[in-house]
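Hi everyone, thanks for coming. Today I'd like to walk you through one protein chain, from its overall build down to a few particular bonds.

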Amino acid sequence: MAAPASAAPPYPVEPPLPAAPPSPLQAWIEGTVPAPPAVTDEESLWRAIAPSPSGDPILDTWPADLAERAPGEVIEARDVTVPTALRVGMPVARSTLLKFRSTSGTGAPSFGTATLIVPLAPWTGPGPRPVEVNALPINSLGTHCTPGYQMSHDLLDKPNADLPVFLPAVRTALGKGYAVLLPDHEGPFMAYAEPNVAAHVVLDAIRAARGFPPGELGDSRYVAIGYSGGAIAAYAAAMKLDEYAPELAGVLTGAAAGGLVTDYVNIAHQFNGRISSGILLTVTLALAREHPEILRHINNSAQWVATSPLRDICGETSGPLGVVGIPIETAADTAAPLDSEFAAALFRQFDLTGRTSSVPLFIYHGAHDPWIPLGDAQRMFRQQCGRGVPGVFRVVPGEHLIGYVTGAPELEGWIDGRLHGIPAPSEC
C-alpha cells in the first residue's frame, strides 16, 4: 500500500550534487534488476517507500490547514485511558493521544502525535505536577510501532515487541506522581534517526501538553529523556530549543541521553557492512522519507526492498537484517556513497554538535558498547562543557543494551532533581 494521498511530500528537493560513477558491481546490479513497476518517477518512488497507513485516522490523516496553525497547536485529541492502562500495567487517571502541528526536517508544515498520561498518584509539590518527556527508542519504519499507536490500541493489535522493555521506566515516573509525555518523535513519515524531525516533535509535544485543557501542566517543569534512538530526540530537543521553541526556556529543565549517536559520519562507516548494517540500511530508508533526494542514489534492487513490506517493520526486525553484513554499496548507484559530496551535505544537516544545549545535560554510555562509539559522546560532552553547559557524564557497565539498565539508577536521581527544581549539578 502506498502513502495516503493526503500525505504532503517534502518537495521540491535540492538540485542533484555530483556523484561518482557506479562500481562494476553496482553497474551489474542496475543492469540486471529492473525497477519496480509502480515506480515511474522520483515522487512515485517516494510515495511507495512511505509507511503504510496504520488504519487510525488521527495518525494517518494530513490536515489541510497545517500552514495556518502554530507549531504545537493541538489539532485533535482522543481519550485512550483504557488501552494505555492495560499497556502500562497500572491504573492511570487519564491518557490522551494528542495530534498537533509540527515541522518537518526541512522546515515544511507537518504534524506530530504524542501520548499524555496523567497518573492516579497525587503530586505533593513543590509547584505543579511535573512532566517526564520520555522519547522511547522507536527505531522503526512502521507507523503501528509508535507509542501513540501502541498506547491507544488493543494489546494484541500489531504489537511492537520492543516497547515492553521500556515500560518499567514509564511506570516508575507515574508512580512518583509525574505526568508522562510519550512523543512519536519519528514524525508522520517514520523518519528514524532524523534529529531535526525528532527535536521539532518533542518540543511541539511539550507545547501541546502545556496548552491542553484543563491547563494543569501549563506551568509545570519538563525534562526530556531518551535512550538509543530516543536519545537522539532528547539531545536534539536540547540543541534546537533556542532556535525552534525559545519560549520553552526555563520550562524544559534538562535533557538526558544514553547510548547517544552524535557523529553520523562515524556511525555510518562503523555500521556499514557489519553486523549492524541492517540498522544503517533501515535508517537510510527512513531518512529518504524526509529527504527524497536520497532516492536519486539508490539502485533498482534497493527500490524493490524499500517498497516491500520491510518498509513497515518495527525495531526488533531491523537489527537481525544486518546479520549477513550487507554493505550500503549494494543498494547505491554510485561508488563509495558514504564518502560522496552528496552524503557530506546530508551529514551536515544531521550534525547538531555546532549548537549549544539550552538545558543541563546528563549523558551516559555503556563502557563496552560495540555499536555506538563512546568517544563520540565524550567529545560532544566536552564541547558542551566548554560552552558553559552544566553536565554530567557517566560511563556505565555493559554494552549498548545493558547500559540502559545500569545507567538507570543515577539517571532517576538526576531526573528527580530537575523536576523538583533543584539546581543541576555540573562535573565539567
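**A walk through the chain**

Let's begin with contacts: when we take those between residues at least 6 apart in sequence, 81% join residues at least 24 apart. Please keep in mind that this is a predicted model.

What is the chain built from? It has 16 helices and nine strands. Its radius of gyration is 21 Å, close to the 22 Å that the globule rule gives for 428 residues, so the chain is as compact as a globular protein of that length. The C-alpha trace spans about 70 × 45 × 40 Å along its principal axes, and buried residues make up 59% of the 428.

Now for the bonds. A disulfide is a covalent bond between the sulfur atoms of two cysteines. How many disulfides does a search of the whole structure find? It finds two.

One of them joins C145 to C314, with 2.0 Å from S to S. C145 sits in the loop between strand 4 and helix 5, while C314 sits in the loop between helix 11 and helix 12, 169 residues apart. Are these cysteines buried or exposed? C145 is buried, at 2% relative accessible area, and C314 counts as buried too, at 5%.

Another disulfide is formed by C385 and C428. C385 lies in helix 14 and C428 in the segment after helix 16, so this pair ties together parts that are 43 residues apart in sequence. Here C385 counts as buried at 19% relative accessibility, whereas C428 is exposed, at 52%.

Technical notes: Residues numbered from 1 in each chain as written. Predicted model: local features only at pLDDT ≥ 70, side-chain atom pairs only at ≥ 80, totals over all residues. Heavy atoms only, no water. Helix = DSSP H or I, 4+ residues; strand = E, 2+ residues; numbered from the N terminus. Rg over C-alpha atoms; globule rule 2.2 N^0.38 Å. Buried < 20%, exposed > 50% of the residue type's maximum accessible area, 1.4 Å probe, protein only. Contact = heavy atoms within 4.5 Å. Disulfide = S-S within 2.5 Å.
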